[in-house]
Amino acid sequence: MSDPSPTAVLYGAGPWQRFIVKYRAGSEPRETRDVLAGRLASTLDRAGLDGDVTVRWERRLGVGADLVVADRPLDRERAQRLLAAFVSDPDVEYAEPDAMMQHMPAAPGVSGPVRGD
């Protein structure tokens, strides 16, 4: 299986268990929860994680994205594979690990919150 690099970045040392996935407006997974459940299963299969990890839909976030939770924490390699499988789906607008946003002192020329570990 080819493993394309995901467009999302994994911050920190991990492990990762929660992921934010936004399906495009009007796509079937965005509109129908039964389709979303099937899409999550096929995403695990594309990532080569089917039978190794399960994921479940947790809730829809205020930004219209879905919070997806793995049944156990994933190491960097498995998390990268899962993100790569999500972003390879043409219905996915973006996928990223769910990380706490923290306000940190700004570097010169940088302002606002950044993702923390």
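Modeller: One cut-off comes first. A residue is buried under 20% relative accessible area, exposed over 50%, and partly exposed in between. Keep in mind that this is a predicted model.

Start with aspartate 52. Its relative accessible area is 29%, so aspartate 52 falls in the range between 20% and 50% and counts as partly exposed. Arginine 72 is also partly exposed, because its value of 30% lies in that range. These two residues form a salt bridge, and their closest N and O atoms are 2.7 Å apart. Aspartate 52 sits in the loop between α2 and β2 (55–60). Arginine 72 belongs to strand β3 (residues 66–74).

Next, take arginine 39 and aspartate 91. Their side chains meet in a salt bridge, at 2.8 Å from N to O. Arginine 39 is in helix α2, while aspartate 91 is in the loop between α3 and β4, so the bridge ties together parts 52 residues apart in sequence. The two partners fall in separate classes of burial. Arginine 39 is buried because its relative accessibility is 17%, under the 20% cut-off. Aspartate 91 comes out at 23%, so it is partly exposed.

Helix α2 also has a helix partner. Helix α2 (residues 33–46) packs against helix α3 (residues 76–87) at an angle of about 125°, with 8 Å between the axes. That angle makes α2 oblique to α3. Their crossing is right-handed. From α2, the contact uses Leu40, Thr43, Leu44 and Arg46; from α3, it uses Leu82, Ala85 and Phe86. By class, these contact residues are 5 nonpolar, 1 polar and 1 charged.

The last pair is arginine 18 with aspartate 98. They form a salt bridge, with the closest N and O atoms 2.9 Å apart. Arginine 18 lies in strand β1 (residues 16–23). Aspartate 98 lies in the loop between β4 (92–97) and β5 (101–102). The partners are 80 residues apart, and the pair links distant parts of the chain. Arginine 18 is partly exposed at 36% relative accessible area. Aspartate 98 is partly exposed too, at 27%.

In total, the count comes to 9 salt bridges. Side chains of opposite charge can pair when their charged atoms come close.

Key: Residues numbered from 1 in each chain as written. Predicted model: local features only at pLDDT ≥ 70, side-chain atom pairs only at ≥ 80, totals over all residues. Heavy atoms only, no water. Axes fitted to C-alpha atoms, helices over the stretch in contact; angles between N-to-C directions. Helix = DSSP H or I, 4+ residues; strand = E, 2+ residues; numbered from the N terminus. Parallel < 35°, antiparallel > 145°, perpendicular 65-115°, else oblique. Left-handed = near helix turned anticlockwise from the far one by under 90°. Contact = heavy atoms within 4.5 Å. Nonpolar A, V, L, I, M, F, W, Y, C, P; charged D, E, K, R; others polar. Salt bridge = Lys/Arg side-chain N within 4 Å of Asp/Glu carboxyl O. Buried < 20%, exposed > 50% of the residue type's maximum accessible area, 1.4 Å probe, protein only.
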